[in-house]
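Take a look at the sequence and the fold, then come back for the details.

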Amino acid sequence: MLTGKGILKGLGVTLKRFIDTYLDDLRWWGKRYYTPEGIAHRSSKDAKGVFTIQYPEEKLPVPEEFRYKPFLLYDEGPNGEKNIRCTSCGICAKACPPQCIWIVRGTDPQTGRPVPQPAGFWIDADICMSCGFCAEYCPFDAIKMDHNYEVASYTRNLMDMNELLKPVSYYASIRPLNYAREEEARKAKEAAKAAKGQ
Amino acid sequence: MKEEDLRDLNLPGYEIPPELTGQLAITTLDRIYNFGRRASLWPMMFGLACCAIEMICAQAGRYDMARFGMEVMRPSPRQSDVMIVAGTVTKKMVPAIIRLYNQMPEPKYVVAMGACASGGGPFKEGYNVVAGIDKFLPVDVYIPGCPPTPQALIHGMILLQQKIDKQSIKHVRWYDGKKEDSVAVPVPYLGPDLIDPRRIPEIKAKAAELAAQQQQLAPEQA
């Protein structure tokens with residue numbers, strides 16, 4: 001009777017992984033790294049062996065629901081103007097658990113009355129905990145979570161309107177399924193409103 | 001050395017004859033010094049909270065920071081170049097971290113990884129948490145995220161390498177000797193809720209004095 005059979009079995013698993021790595025390398029000769037198919041294969045359940053993501057050159061695709069930092073959406077008008085969706089209602093700032101959102105409400109320069117547009121919008125990226133509550137609570141679909149994780153900096157990272165504003169087309173490109181669902185709901189709502197008006 | 005490595009090192013404007021390519025590089029002292037530092041950034045092996053898990057993941061085979069020369073996590077501050085503050089910095093931990101920073105040999109760098117280390121994160125108004133390590137140490141790179149993914153951490157470390165590339169041996173703060181930054185950071189004792197260990201004898205003496213007073217009062221009341 002052999003003692004330490006379990007250890008040998010475990011070592012065998014490691015050895016199998018080691019050999020599989022090179023077999024898979026041979027099978028995917030030259031295409032395993034730096035190609036979208038190779039990365040997709042390595043992330044799938046069919047991948048054998050171990051591998052490294054060669055980060056600055058190739059990036060692991062992130063899932064659609066991946067969230068990093070929030071950003072503000074604007075609709076692109078026909079003449080290239082930016083129609084900011086945010087109405088500066090402040091619901092996101094109230095929902096934010098670490099309270100990293102600051103909003104300054106805009107006022108009409110002639111009458112001095114408040115207008116539904118933010119004059120300033122800041123998110124302290126060094127306090128944001130990427131929970132996504134702001135995007136969940138926003139009734140206007142104006143704030144969403146970004147996929148971009150390359151946001152390291154040499155100073156404290158306080159994001160202002162210039163950094164936060166991104167077009168709706170960018171949102172549609174990073175979250176296609178969510179975008180389609182939201183657009184459908186919006187159209188249904190508008191149709192119901194029009195039917196009621198008649 | 002490989003030919004690519006030498007090409008990085010070589011200064012633009014100096015042509016090397018073709019028969020000597022791969023064997024020779026014309027460079028400045030700054031450049032070779034920075035080349036040596038950026039390619040051997042050894043982080044200190046300590047983690048404070050959940051960010052440490054991502055740091056471990058970035059060090060392991062899947063992301064493999066060894067590709068940038070950051071593979072050797074040193075368990076001693078005397079052997080490390082960069083301090084990755086990975087996680088929530090509590091008031092109890094700050095004196096230890098600053099002592100570790102003071103013990104690191106120069107050149108030394110600090111990377112604030114994650115929301116808690118850079119700005120306090122969700123605990124920024126907590127009674128026992130420091131709102132950002134940058135209140136005590138000079139932070140070189142801030143990596144936002146909660147926690148930053150391994151790729152975000154590697155991006156931050158690449159930014160640190162780019163910062164090192166721009167430094168000059170004449171202007172870095174640690175070889176000057178006169179600038180304020182080159183002196184040791186004072187170790188703080190924080191918070192009214194913590195007992196300052198330096199005051200233990202004083203507190204003991206005061207307690208004994210009060211006890212003696214009460215004993216004197218006790219017979220009078222009886």
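How much area do chain A and chain B bury between them? The answer is about 2500 Å², with 58% of it on carbon and sulfur atoms; buried area here is the accessible area (1.4 Å probe) that two parts lose on being put together, summed over both.

This is a predicted model, where local features need pLDDT of at least 70, side-chain atom pairs count only at pLDDT 80 or more, and totals for chains, interfaces and linings use all residues. Residues are numbered from 1 along each chain as its sequence is written, chains are lettered from A and ligands numbered from 1 in the order in which they are written, and side-chain values use heavy atoms, with hydrogens and water left out.

**Where the chains meet**
- In chain A, 28 residues are in contact with 32 residues of chain B (contact means heavy atoms within 4.5 Å).
- Between chain A and chain B there are zero salt bridges (a salt bridge is a side-chain nitrogen of Lys or Arg within 4 Å of a carboxyl oxygen of Asp or Glu).

**Salt bridges**
- The whole structure holds 18 salt bridges over all chains.
- One of them joins R32(A) to D25(A), with the closest N and O atoms 3.1 Å apart.
- R32(A) is buried at 2% relative accessible area, while D25(A) is partly exposed at 25% (buried means under 20%, exposed over 50%, partly exposed in between; 1.4 Å probe, protein chains only).
- K144(A) pairs with D141(A) at 3.4 Å, N to O, and K144(A) is buried at 7% relative accessibility.
- R186(A) bridges to E183(A), the closest N and O atoms being 3.6 Å apart.
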